[in-house]
Amino acid sequence: TWWFRLILLTVLLGVLLLLSISRIKSIKKKDQLTVELIKIRQQALSSQMNPHFIFNSLNSIQSFILENAKIKASEYLYDFATLMRKVLTNSQNHTISLSEELEAINLYVNLEKLRFSNRFDYHLEIDKTLDLHSIMIPPLIIQPFIENAIWHGLMHKEGKGNLNVRIYPQNNEVVF
């Protein structure tokens, strides 16, 4: 009868509605957990640079002052302050442009080169097809790798070392 079909249709629509609501809640919860995980990872990455690097940088400034290398101390202090401002500003965002990340990386590498008396050369090769301003990445994602390359590779090398960073597209991804 028509009323049986109406009840059956109503029950089916109700079940579909409940299933849809349940699925939407599940997706929202998963998205929230993903965002939280990204924030936690970002905080962990941000904290990797701070303790040792800040301590060592301040020691370098002190050393330049004690050696009466005022110009070197002033340049180092300016670059250090600029880098710290960038790190603090960038860490407030979930993502930054690759261009902004590279500015911070260049400052960091230049500070390390100055601190280690230019014991290594730094080369940055970027594929010309990449739009550095539109590619968004988490801040400080590259810095720990560069720090490890300097500390665990170049500082133990006899003679002058080379730090080569290459950035290029591959399969719709950016490779560092």
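Ser99 has its place in helix H3, in a model that is predicted. With a relative accessible area of 12%, Ser99 is buried, because buried means under 20% relative accessible area. When its neighbours within four places in sequence are left aside, Ser99 is in contact with Leu132 and His133.

**Helix H3 with helix H4**

- The axes of helix H3 (residues 98-115) and helix H4 (residues 143-152) come within 11 Å and cross at roughly 20 degrees, and H3 and H4 are therefore roughly parallel to each other.
- In this pair, H3 passes H4 in a right-handed crossing.
- On the H3 side, Glu101, Ile105, Tyr108, Val109, Glu112 and Arg115 meet Gln143, Ile146, Glu147, Ile150 and Trp151 of H4.
- Sorted by class, this contact of H3 with H4 has 6 nonpolar, 1 polar and 4 charged residues.

**Helix H2 with helix H3**

- Helix H2 (residues 70-90) packs with H3 at an angle of about 150 degrees, their axes being 10 Å apart, which means that H2 is roughly antiparallel to H3.
- The crossing of H2 and H3 is left-handed.
- From H2, the residues Lys72, Tyr76, Asp79, Phe80, Thr82, Leu83, Lys86 and Asn90 meet Glu100, Glu103, Ala104, Leu107, Tyr108, Leu111, Leu114 and Arg115 in H3.
- By class, the contact of H2 with H3 has 8 nonpolar, 2 polar and 6 charged residues.

Note on methods. Residues are numbered from 1 along each chain as its sequence is written. This is a predicted model: local features need pLDDT of at least 70, side-chain atom pairs count only at pLDDT 80 or more; totals for chains, interfaces and linings use all residues. Side-chain values use heavy atoms; hydrogens and water are left out. Axes are lines fitted to C-alpha atoms, for helices over the stretch in contact, and angles run from 0 to 180 degrees between N-to-C directions. Helices (H or I, at least four residues) and strands (E, at least two) are DSSP runs, numbered from the N terminus. Angles under 35 degrees count as roughly parallel, over 145 as roughly antiparallel, 65 to 115 as roughly perpendicular and the rest as oblique. A crossing is left-handed if the near helix is turned anticlockwise from the far one by less than a right angle, and right-handed if clockwise. Contact means heavy atoms within 4.5 Å. Ala, Val, Leu, Ile, Met, Phe, Trp, Tyr, Cys and Pro count as nonpolar, Asp, Glu, Lys and Arg as charged, and the others, Gly among them, as polar. Buried means under 20% relative accessible area, exposed over 50%, partly exposed in between (1.4 Å probe, protein chains only).
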